[in-house]
Amino acid sequence: MDVNMTYATQDMWTWWLAIYLYFGGLGAATLAVTFLTDMYLKPNRALVIWGAGAGVVLLALGSLMLFGHLLDKTAVLTVLNPLALFNQSSAWIAWGTQFIIWMMVWGVLYALPYVRETEFPHKVPVIRDLIDKPFVIGTSRLVQRFHRSVGWLAVINGVGVAVYTGLLLQSFPAVALWHNPAVPLLFTVSAFSTAMAFLLVLMYTLLHDQADEHVRVLYERIDLVLIAAELVILFSLYQYLKNGSESGVRSMELLWNDYGWLIGFIGFGLIVPFLLELKGVMRGWASRVPILTAAVLVLAGGYLLRHYFMYAGVYAYPW
């Protein structure tokens, strides 16, 4: 790189953090949407079990990506300790870790009564022995009494995780692409859009016979609005970057001159699924293939957003 330049592309946070942010936002939003659907739209035991199970697995995988990269036992223990919220209240990674932990706890608890009511878990030796323990049975009955309270605790932590993924990046003032008000909003909207897409994939495949048509249509309409919101936020972000600091201008040039960002993310990750879902909402489709295609593209676009945000992060000296 030219030594006279006053900026450099960061290379510390790369694909591993993109996966962490992607899985974290997707998993948390999936849990939140699943539980809100079950509580206020239409109870669906299968959707809760699959949505909660997938959400918890995604959150766990995303966290492992982060902790595996830290490689520092002290650092891992610090962020896992709830006291970190008081000792280092400005550290968003500590807040995010606590949101993730409690999201997983409340998510598992919310799904527990449904798991015990389902026939298949009782046929699996290890799971059967676990869910038939007196403590688990008692916990399940207690959760049933306060099911909505447990659900809301999960939803609040889920929204916290989704917002946190953007706040974590925003907390780095050295990179203008990250340090602006659009990032938490963009990442939160993207998290819930990918969650809608993920649940649509579940409902059109594994849960096809058990899914409610009205819920599927509602998910498609909500995702349509969320994609439109993403496009508006991205346009605002573009205007912010091109008229901002050296760091922002360089990040903008990296993004808007890269076909992976323009065609991969904006084209196939946003515009194509928007058009497919718009047609589905207005006139419907003869088969489920177009909506499934749109959902898969949204999921791929959600990762590409975070991947290119890492790739285009630019430091401007004297930071």
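Let me begin with the largest pocket, whose lining takes at least two residues from each of helix 2 (45–70), helix 5 (92–117) and helix 6 (125–131), where helices are DSSP runs of H or I with at least four residues, numbered from the N terminus. Before I go on, please keep in mind that this is a predicted model, in which local features need pLDDT of at least 70 and side-chain atom pairs count only at pLDDT 80 or more, while totals for chains, interfaces and linings use all residues. Residues are numbered from 1 along each chain as its sequence is written, and side-chain values use heavy atoms, with hydrogens and water left out.

A pocket here is an open set of points on a 1 Å grid over the protein atoms alone, with protein on both sides within 12 Å along at least five of seven lines, whereas a cavity is a set where a 1.4 Å probe fits but cannot get out, and lining residues have an atom within 4 Å of a point. The largest pocket has a volume of about 640 Å³, volume being the space filled by probe spheres set on the points, which are joined across faces, edges and corners. Of its 22 lining residues, Ile49, Gly53, Ala111, Val115 and Pro121 lie nearest the centre, and helix 2 gives the most, with 9 residues. The lining divides into 17 nonpolar, 4 polar and 1 charged, where Ala, Val, Leu, Ile, Met, Phe, Trp, Tyr, Cys and Pro count as nonpolar, Asp, Glu, Lys and Arg as charged, and the others, Gly among them, as polar.

The largest cavity holds about 40 Å³ of space, and helix 9 (182–204), helix 12 (259–282) and helix 13 (289–311) each give two or more residues to its lining. Among the lining residues are Ser190, Glu230, Phe265 and Gly301, and by class the lining has 3 nonpolar, 6 polar and 1 charged residues.

The second largest cavity, with a volume of about 30 Å³, is lined by Thr37, Lys42, Asn44, Leu47, Met203, Asp212 and Val215. Asp212 also caps the N-terminal end of helix 10, with a side-chain oxygen 3.0 Å from the backbone nitrogen of His214, a polar contact being a pair of N or O atoms within 3.5 Å, where one must be able to donate a hydrogen and the other to accept it, and residues adjacent in sequence count only if both atoms are side-chain atoms.
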